[in-house]
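Here is a friendly walk through a structure that may be new to you. Take a look at it first, and then read on.

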Number of protein chains: 2
Amino acid sequence: MAKTTKTPHRTPLNRESVLRAAVALADETGIESLSMRRLGQELGVVPMALYKHVASKEDLLDGMVDIVFGEIEDPSTATDWKGAMRRRATSARAVLRRHRWAIGLMESRTNPGPANLRHHEAVMRCLREAGFPFELAVHAYSMQDSYIYGFALQEKTLPFETPDEHAELVQEKAERVGDLDEYPYLVELATHLVQARYDYAAEFEWGLDLVLEALERARQTT
Amino acid sequence: MAKTTKTPHRTPLNRESVLRAAVALADETGIESLSMRRLGQELGVVPMALYKHVASKEDLLDGMVDIVFGEIEDPSTATDWKGAMRRRATSARAVLRRHRWAIGLMESRTNPGPANLRHHEAVMRCLREAGFPFELAVHAYSMQDSYIYGFALQEKTLPFETPDEHAELVQEKAERVGDLDEYPYLVELATHLVQARYDYAAEFEWGLDLVLEALERARQTT
DNA sequence: ACCTGAACACCGTTCAAGT
DNA sequence: ACCTGAACACCGTTCAAGT
């Protein structure tokens, strides 16, 4: 391992570059191994140097989450609200798949950044302009975000990426648990998921359509 | 502060008592301040003593999450599947409010404990016995859990507990951001939430009914 | 203006030892 | 069988100092 030469950065650090590096590092190595020290090292800088650009680790995490929000596609203000909402939901799911650590992080991040505000502003605007009465728009907003984040959370939690991996895991679990007879319905479920080559994207869209159609019905009966 | 007397525990530790103490500590002081050292202190024991009952901190967290799952009411196998599902959803939300740290924790906990398995077995069973064809039961299961966990996640994230707190926060945010003019719809939203004394429980149930009714329609058209 | 280095009060976990 | 104590390799962050 060559000792890193001590060339000073031509482009000195700034908040943006620190945040982007942190996002990249979390994407690659997971959030649990993102430390100020490790990030400093990645940027060729002593840990304390980061504190000129970021107030604390909390601040760093807030910034990272807002970068993720910035990647979600805003709904267009089209005539077709369902299409617009479907697109932004699909985009949100894709973004949360790309940055799996982010969904778990929103947990504690209590103050929304500008990208977050901008995005949710656009969502409310889309619904209101599509003719949702105010209170129904609030319900629709809550409903959709619950579904999107909840799905992303489950997708992240489910311990397999491909059907083959899943088959392995079922096998393994069966060996450890032993008495799978207690869980006939779960066994049926697991078996099916393997055989049907379970498709997260299709599952997401099935639920999304259910939600959007139910909201459309609610809108019409108002 | 009196030095704790060195009386040995009459009832020595075991896995159960360690897990329960950890849950209680997380409830009181938050998950971020739950450390092996702090937990040991709480139990009047040197940190390393815990490792006789728990393989690692990861194992401790897995166990804690499963305790939380154990508190969720299983659906009864009644004729009324909607009622049964509504009850268990309401119970799940209540439990996740009681243990706010748990929802953020499911993030990384990838191997489900017995209480988790038992609960989800009961959910699948309820749906199947209510006449949901297999694939629709899978969709219904995914849909409901996405909604429940997503709602809990948002509820946890939203930074206010009571409408009054919320009013304060809007005010504060307005001062910091300055240019709230950029977000007219969010301002409208925030204002309304304060005036309407936003009720999480009512919001949750509105969405839950939307989901359950949409699922019932899907079931009938099969 | 930006970066450094030493120090402080923490972590989870190992290992060998005590009772 | 259960608990202890010292040690190791980490954390985030402070402060005073360097360029």
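## A spot in the core

Setting aside neighbours within four places in sequence, Ala22(A) is in contact with Leu34(A), Leu39(A), Leu60(A) and Met64(A). Two residues count as in contact if their C-beta atoms, placed from the backbone, lie within 7 Å. Before going further, note that this is a predicted model: local features need pLDDT of at least 70, side-chain atom pairs count only at pLDDT 80 or more, and totals for chains, interfaces and linings use all residues. As for the names, residues are numbered from 1 along each chain as its sequence is written, while chains are lettered from A and ligands numbered from 1 in the order in which they are written.

Ala22(A) also shows up in the largest nonpolar core, which has 114 residues. Ala22(A), Met64(A), Leu127(A), Ala22(B), Met64(B) and Leu127(B) touch the most other members of that core. A nonpolar core here is a set of buried Ala, Val, Leu, Ile, Met, Phe, Trp, Tyr and Cys residues joined through C-beta atoms within 7 Å. And "buried" has its own cut-off: 20 or more other C-beta atoms within 10 Å of the residue's own, against 12 or fewer for exposed and anything in between for partly exposed, with C-beta atoms placed from the backbone.

## Chain A at a glance

Chain A has 10 helices and 0 strands. Helices (H or I, at least four residues) and strands (E, at least two) are DSSP runs, numbered from the N terminus. Of the 222 residues of chain A, 32% count as buried. Look at the contacts in chain A with a separation of 6 or more, and 68% of them join residues 24 or more positions apart.

## Two helices side by side

The expected span of a helix is 1.5 Å times one less than its number of residues.

| Helix | Length | End-to-end C-alpha distance | Expected span |
|---|---|---|---|
| H9(A) | 12 residues | 17 Å | 16 Å |

Which residues of H1(A) are buried? They are Val18(A), Leu19(A), Ala22(A), Val23(A), Leu25(A) and Ala26(A). Seen down the axis of H1(A), these buried residues fall within an arc of 165 degrees, so they line one face of the helix. The arc is that of the directions from the helix axis to the C-beta atoms. The buried residues of H1(A) pack against H2, H3 and H5 of chain A. Turned away from that buried side are the exposed residues Glu16(A), Ala24(A) and Glu28(A). After H1(A) comes Gly30(A), with a positive phi near 90 degrees.

In H9(A), the buried residues are Tyr185(A), Leu186(A), Leu189(A) and Ala190(A). They fall within an arc of 135 degrees seen down the axis of H9(A), so they line one face of the helix. Thr191(A) and Gln195(A) are exposed on the face turned away from the buried side of H9(A). H9(A) is followed by Arg197(A), whose phi is positive, near 45 degrees.

## Two loop residues

Is Pro112(A) buried or exposed? It is buried, because 21 other C-beta atoms lie within 10 Å. Pro112(A) sits in the loop between helix H5 (100–105) and helix H6 (114–129) of chain A. Its C-alpha atom is 7.4 Å from that of Asp66(A), 46 residues apart along the chain.

Asp181(A) lies in the loop between helix H8 (163–177) and helix H9 (184–195) of chain A. Asp181(A) counts as exposed because it has 8 C-beta neighbours inside 10 Å.

## Where the chains meet

Now for the partner: 41 residues of chain B are in contact with 41 residues of chain A. On the chain B side, H7(B) provides the largest share, 16 residues. That side divides into 21 nonpolar, 13 polar and 7 charged residues. Here Ala, Val, Leu, Ile, Met, Phe, Trp, Tyr, Cys and Pro count as nonpolar, Asp, Glu, Lys and Arg as charged, and the others, Gly among them, as polar.

## Around the DNA

DNA strand D is surrounded by 18 residues, and the closest are Ser35(A), Met36(A), Ser56(A), Lys57(A) and Val46(B). A residue is near a strand if its C-beta atom, placed from the backbone, lies within 6 Å of it. H2(A) gives the most to this surface, with 3 residues.

DNA strand C is also surrounded by 18 residues, the closest being Val46(A), Ser35(B), Met36(B), Ser56(B) and Lys57(B).
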